[in-house]
Amino acid sequence: NEILSRGRGCLFVPRMADVFASLICRPPRKVYKMEELGPAHFNLGDQECSRKDFELINCLGIKIQCSHSPPATRSPVPCVVYLHGNSGSRIDTDDLVDNFLLQDISVLSLDFSGCGMSDGDYVTLGMRERHDLEAVLAYLKGHEKVSKVAIYGRSMGAATAVVVAADDSYAGLISCMVLDSVYSSVATVVTQLAGKYVGKVPLIPWEGMIAPAVEMLRGAVRCKADFDFNDLKLMDASIRCKAPALFGHAGGDELVFPSHSHDMHRVYGGPKSLDVFEGDHNSVRPTSFIQSAIEHVKLHTSGASGEAGGGMSTAASWLGSLGLRISCSGQEAVGVAPPAQTLPLTPPPDPSCRVHLDSTSPTNQEQDRQPPHDGVNSDHGVPSLPSADGAAEQACDSSGGKQQQEGGVYFSRPSIKLGLMLYALCFVCPAVVTLYALELAPGGHTSWLGLA
């Protein structure tokens, strides 16, 4: 026991958790060259089209790289904002641009912070990506060639769209959404992936070990990237959304299970429809779904475009209230007031952050065996997992209390349960990571963490 609690071996647990936490909040960044975006001026049928590349600065001071492709028309037209997955970039919109331009709908794509050519160190699966989308909406708000705004999000991009659309500040700005492979809970995604594989190992009670392992990863992510993925209340947000939404999910998706879209669709607060099609998480979407998405956008963005400035009502305080700076061709417009953050951010990670395990805490094995829709908390409408003071607790503790050993980990009973925990990490995390790393779609989308 003394060797386990004080020796180098016990450092294996937090180090391992830290490694896998990096795969959640710092997946491989998609690297590309500007030439891969294609020519800035191009012909599409008898239309002469162009692409404008520019950068925005969100309320956190992070530079976001964007591209806007409007059709060749003088009057304002609708604009679709494409939001990529967690290992993607604005280059992923190549398959959609031509289809929308042919319908006189412009397309704006961006690299989320921490992705592609944008600044930022971490991916937060929708928590801070919302600020990137808010900066884009502020830009489009005053754009003279934009009449209405629609959002097309894929996986992490879809989750980000739901978070922003649930904010009353954008209720009248977002005309409709296309939500491809949205997830209802990050913790549920990881838990389901782990349960799919660890259950195949005989003679070991894996079901009771999955939740503690997920909780350990949650704490490691919180310490590393300063966000708690359980704070992303997507089911709650879905209830508050009012914009018409087309949900889409591949029936063969083994990374974000189709049940996530079914759950989000079930509680969605606005007009909704659901399309389940063939394929997997990263496969090229069938033409039928793309056409449904185009028709959905056309239906909800048609009509009188109104006055200039995008045909949307002008409100001088709207942009200033976001505290946004918009930078384009070296010129900036500076907002007036600091942003009001709807989702609170946790304090900066402390250098002395440690991961604590309490092997004596009970686990809810019955909850682990339930499908996602049965794990919905009746008070909040979100899939629930054991709390931080439950099966496995993580804490960013700078007090250096007596329970912290040299390795930064305290085990109340370093016995056979410690061995089971190590086994859980060895099977839970690699099982998930193997799926993320090996899934490569024909369209070039690399799946990482199952949320690409």
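Trainee: Which residue in strand 2 is the bridge partner of N43?

Mentor: That partner is E48. Before we go on, remember that this is a predicted model, in which local features need pLDDT of at least 70, side-chain atom pairs count only at pLDDT 80 or more, and totals for chains, interfaces and linings use all residues. Residues are numbered from 1 along each chain as its sequence is written, and side-chain values use heavy atoms, with hydrogens and water left out.

Trainee: How do you know that strand 1 and strand 2 are paired?

Mentor: Start with the word strand: it is a DSSP run of E with at least two residues, while a helix is a run of H or I with at least four, both numbered from the N terminus. Two strands pair if DSSP finds at least two bridges between them. Strand 1 (residues 41-44) and strand 2 (residues 47-50) share four bridges in the antiparallel sense, so the pair meets the rule.

Trainee: Why is strand 9 described as largely enclosed?

Mentor: Buried means under 20% relative accessible area, exposed means over 50%, and partly exposed is in between (1.4 Å probe, protein chains only). Six of the six residues of strand 9 (residues 245-250) are buried, so the rest of the structure largely encloses this strand. A245, F247 and H249 point one way, L246, G248 and A250 point the other way, and all of them are buried.

Trainee: Which strands pair with strand 9?

Mentor: Strand 8 (residues 174-180) pairs with strand 9 in the parallel sense over four bridges, with M177 and A245 as bridge partners. Strand 10 (residues 272-277) also pairs with strand 9 in the parallel sense, over six bridges, and there H249 has V276 as its partner.

Trainee: What makes the unit of strand 9, helix 9 and strand 10 right-handed?

Mentor: Look with the strands pointing away from you: a crossover is right-handed if the path from the first strand over the helix to the second runs clockwise. Strand 9, helix 9 (residues 259-267) and strand 10 form a β-α-β unit of that right-handed kind.

Trainee: Why is the pair of F247 and Y268 called edge-to-face?

Mentor: Rings of Phe, Tyr and Trp (its six-membered ring) pair if their centres lie within 6.5 Å; planes under 30 degrees apart count as stacked, over 60 as edge-to-face and the rest as tilted. The structure holds four aromatic pairs. One of them joins Y82 and Y152, with centres 5.7 Å apart and planes at 40°, and is tilted. Y82 is in strand 5 and Y152 in strand 7 (residues 146-154), so this pair ties together parts 70 residues apart in sequence. At 3%, Y82 is buried, and Y152 is buried at 2%. Now for your pair: the ring centres of F247 and Y268 are 5.4 Å apart and the planes are at 85°, so the pair is edge-to-face. F247 lies in strand 9 and Y268 in the loop between helix 9 and strand 10, so parts 21 residues apart in sequence are tied together.

Trainee: How do you know which residues S109 touches?

Mentor: Contact means heavy atoms within 4.5 Å. Leaving out residues up to four places away in sequence, S109 touches Q65, C66, S67, Y82, R90 and T93. S109 belongs to strand 6 (residues 106-110) and is buried at 4%. T93 sits in the loop between strand 5 (77-83) and helix 3 (94-101), and beyond its sequence neighbours within four places T93 contacts Y82, V107 and S109.

Trainee: Why is D53 called partly exposed, and which residue forms a salt bridge with D53?

Mentor: D53 has a relative accessible area of 33%, so it falls in the range for partly exposed. Its salt-bridge partner is R51, with the closest N and O atoms 2.8 Å apart. R51 is buried at 13%.

Definitions and conventions: Salt bridge = Lys/Arg side-chain N within 4 Å of Asp/Glu carboxyl O.
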